[in-house]
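This report looks at selected local features, beginning with a helix and ending with aromatic side chains.

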Amino acid sequence: MIARHAIACNPMRTGWLQPAFSPRTLTLTARRAEQWARRGADVAVLDAAQMAELIGSDAYLGGWLDRRAGHLQPMSYARGLAAAAHRAGAAIYVRSPASALARRGTQWRLRTPRGEVLADTVLIGTNGYTDALWPGLARSVVPMVSLQAATGPCPRNWACASFPKDIACRTRAGCSGTSGATRTGGW
């Protein structure tokens, strides 16, 4: 999608790490990597030295690397998707939560607190806050917990020491980010 729509969001497919901070989490991360490897994913189990080289910290016992993943600038990605949808003819309405959606002849009638919209096609874009707008949709959403943070650009000497290989990283114990600091997330 990024290439097809020429979305300028600084994508970097440098991988994704899940470091292990205890013997228990080391076992869990190794098991998770092995499960993905059996499915043909390009993953690796890492020891403490390999993890330290990638993260710039010796605080972890090891972990796993998913080479398929990476990170991007999430707001630029969202704006790029919106621009691509607009170029394809979509009308995008903001600050207008849908309260009802129903067929009206060959069109859809979408009700909001401020009025109604008629459309030939409707795309329901939702997440963990899915409500009763569409029957059964809320039951089909599987919550995925993810922590992301963004700051202003960090001094380059700090960034190189913290994430020398510019790989996205996620743990409970505080390695959540990349050397770019404004880029985070998954593919």
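A polar contact is a pair of N or O atoms within 3.5 Å, where within protein one atom must be able to donate a hydrogen and the other to accept it, and residues adjacent in sequence count only if both atoms are side-chain atoms. The model is predicted, so local features need pLDDT of at least 70 and side-chain atom pairs pLDDT 80 or more, while totals for chains, interfaces and linings use all residues. Residues are numbered from 1 along each chain as its sequence is written, and side-chain values use heavy atoms, without hydrogens or water.

At the start of helix α3 (residues 74-87), a side-chain oxygen of Gln73 comes within 2.9 Å of the backbone nitrogen of Met75; helices (H or I, at least four residues) and strands (E, at least two) are DSSP runs, numbered from the N terminus. Just after α3, Gly89 has a positive phi of about 105°.

Strands β4 (residues 100-104) and β5 (residues 107-112) run antiparallel and are joined by five bridges, pairing of strands requiring at least two DSSP bridges. Arg111 of β5 stands opposite Ala100, and its bridge partner in β6 is Glu116.

The structure holds two aromatic pairs, for which ring centres of Phe, Tyr or Trp (its six-membered ring) must lie within 6.5 Å, with planes under 30 degrees apart called stacked, over 60 edge-to-face and the rest tilted.

| Pair | Centre to centre | Angle between planes |
|---|---|---|
| Trp16 and Trp64 | 5.6 Å | 75°, edge-to-face |
| Trp108 and Trp134 | 5.7 Å | 65°, edge-to-face |

Trp108 lies in β5, whereas Trp134 lies in the loop between β6 and α4 (137-140).
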